[in-house]
Amino acid sequence: MKKSNSILMIIVIVIIASLIVWKIGIPNLSSKNKEISSEKVSKKVKKESKKIKKKETRESKSSSNTETSSSMESEPSSESSSESTSSVQPSVKYPALQKYAGKTYYAVDRDSAEVPDMFPTSFTITSDTEALNVDGKQELIRNVTSDSGFIALTGEMGHSMGTTLSFEFRPLGGSDNDAVEVLNQGQRLAYSTTMPE
């Protein structure tokens, strides 16, 4: 009887101990499972956020590329439209004359000059800068030089041999192309694109 009682006591103790171990182990296992599952979830979230960021950067790059390409496409079209609306500029022979070309300059107070006949009443440089119209007569320009602010035109007058064109002018008032000063044998006279009254 004593042996059977001691065996039963041992069995009961083992069962109780196993129950205690089992009860203590289950929360640990569940907490471990929770940690593992939370780690998995956080890893998945990180991966998905990385994918989303990559997609956003790809989309932003593609959108910026499309914007630049569209702006690149729109610029030539705007340039072509502006060229088509404005008069087509002919080829310019002398770039130094380009900003004065196509304008008619009128003498300002020509009668005040010592010798008024030394100065034309008006002159115009043609749009292609190949000729100079002086008082209605067209003279071909053969050479253009600039020295100390003056632009010197040389060429043929009346297209006859031996007669040379010599004409010098400079802008007045800095970058203003609407007023110039003509130099002829040391005398100077102002010219303006505004016709005198």
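Is E181 buried or exposed? Select E181: at 13% relative accessibility, this residue counts as buried (under 20% relative accessible area; exposed is over 50%, partly exposed in between; 1.4 Å probe, protein chains only).

This is a predicted model, where local features need pLDDT of at least 70, side-chain atom pairs count only at pLDDT 80 or more, and totals for chains, interfaces and linings use all residues. Residues are numbered from 1 along each chain as its sequence is written, and side-chain values use heavy atoms, with hydrogens and water left out.

**The barrel.** Show the strands (DSSP runs of E, at least two residues, numbered from the N terminus). Eight of them close into a barrel, in the order β1-β2-β3-β4-β5-β6-β7-β8, with antiparallel pairing (at least two DSSP bridges between two strands). Now pick β1 (residues 104-107) and β8 (residues 187-192): they pair in the antiparallel sense over two bridges. Zoom to Y106; its bridge partner in β8 is S192.

**The salt bridges.** The count is three (side-chain nitrogen of Lys or Arg within 4 Å of a carboxyl oxygen of Asp or Glu).

- E181 lies in β7 and R170 in β6, so the pair ties together parts eleven residues apart in sequence. R170 is partly exposed, at 26%.
- Select K103 and D178, a salt bridge at 3.3 Å, N to O. K103 sits in the loop between α1 (2-85) and β1, D178 in the loop between β6 (164-171) and β7 (179-184), so this pair ties together parts 75 residues apart in sequence.
- Finish at R110 and D117, joined at 3.8 Å, N to O. R110 is partly exposed, at 22%; D117 is exposed, at 71%.

Notes:
Helices (H or I, at least four residues) and strands (E, at least two) are DSSP runs, numbered from the N terminus.
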